[in-house]
Structures are given as structure tokens and as C-alpha cells.
Amino acid sequence: MAGRGTTATAALERAGIPFSLHEYAHDPRHESYGREASEALGVTADRVFKTLIVSVDGDLVAAVVPVEGQLDLKALAAAAGGKRAAMAEVAAAERATGYVAGGIAPVGQRKRLPVVLDESAMAHRTVFCSGGRRGLEIELAPADLVRAANATVASIRSG
């Protein structure tokens, strides 16, 4: 791997979970981090997942959905055992996870947040998610992502 690892890669290594790293030159002018990753890696967008930090009844939760999909906040609240969900402020998300927006990984976070993974991930042999910084993606089996993040799998994507 070129460059240095991240807390996400260290967490996966500690857990003995197999993964591949994919780096690309991040363009700060690109409108969508996830779409940029999909295009740069030549991978269909339904296999690339973004991690969104959401406040559910005042507690932060990490929602992992396909980059082209929208998050269904009501479905996420229900999956997380809450009633109301709203996107967290970027500063709060960065503080809690230790990652910068556009590079938030679902594993290796500073504060271990509950993770809810959209069920569409389970249809793929491998999926991609942020490796902990912009321009770095982790490829792994969805079941391994569930295990590494202690994730709940639910239908949280709208549209």
C-alpha cells in the first residue's frame, strides 16, 4: 500500500478481517466523494458505500448507504431503535469519528458509534467504503464489514 495506514485499516488488521486498499488522487473540486471514488476505481456506484453520521434521538449513529442512494432518516431511526433522526453537523461527525468529512470510515472511529449498513450491500461479493481519508477506499466482503463494525443490517436507503 502506498502511503500510510489509517485507524480504519489498523482496526481491520487487529480484527483479522481481510481487505484490499485502493488509492486514487482525490480532486477537491469533485462534487461527490463517493461518485469520485466509483469513477476513479472503475467500480459501479451500487458497490461503493458512503458513511453518514446522523443524530438519532440525540445520539450519533453511522449510516452506511450506496453513494448514489439517499438515506431514509425514518428507516434509520427505526433500525437504530429511535424515533427521530437528523443529519449530524459536520464538526460533530468529525469530532466523534476522528475522520474528515469525505473520509469517514465505518470502522476505527475515535468514538465507536452504532453502525447501520443498508441491506443492499449484502447482494455483492465485495463492497467499497472509505478507508479513513479522502482518496482511500477499503474493499471487503459485506459480511466482514458487518462483523468489523458490529453493524445492524437494515433497509435504510430511500429511492
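Analyst: The model is a predicted one, and helix α1 spans residues 7-15. Within α1, the residues Ala8, Thr9, Ala11 and Leu12 are buried, and, seen down the helix axis, the buried residues fall within an arc of 160 degrees, so they line one face of α1. An α-helix has 3.6 residues a turn, so residues three or four places apart point the same way. On the face of α1 turned away from the buried side sit Glu13 and Arg14, both exposed, and after the helix comes Gly16, whose phi is positive, near 70 degrees.

The cover over the buried residues of α1 includes β1, β8 and α5. Two of these elements, β1 and β8, pair with each other in the antiparallel sense over 4 bridges, with Glu23 standing opposite Leu136 in β8. They belong to an open, antiparallel sheet of 3 strands in the order β1-β8-β7, in which β1 (20-23) and β7 (127-130) stand at the edges with a single partner strand each, so one side of each has no neighbour in the sheet. From one strand to the next, the twist averages 30 degrees.

The remaining element named above, helix α5 (residues 142-149), is mostly covered, with 6 of its 8 residues buried, among them Leu145, Val146 and Ala148. The elements covering the buried residues of α5 include α1 itself, together with β6, β7, β8 and β9, and α5 is followed by Asn150, which has a positive phi near 50 degrees.

Notes: Residues numbered from 1 in each chain as written. Predicted model: local features only at pLDDT ≥ 70, side-chain atom pairs only at ≥ 80, totals over all residues. Heavy atoms only, no water. Pairing = 2+ DSSP bridges. Helix = DSSP H or I, 4+ residues; strand = E, 2+ residues; numbered from the N terminus. Axes fitted to C-alpha atoms, helices over the stretch in contact; angles between N-to-C directions. Buried < 20%, exposed > 50% of the residue type's maximum accessible area, 1.4 Å probe, protein only. Contact = heavy atoms within 4.5 Å. Arc of directions from axis to C-beta.
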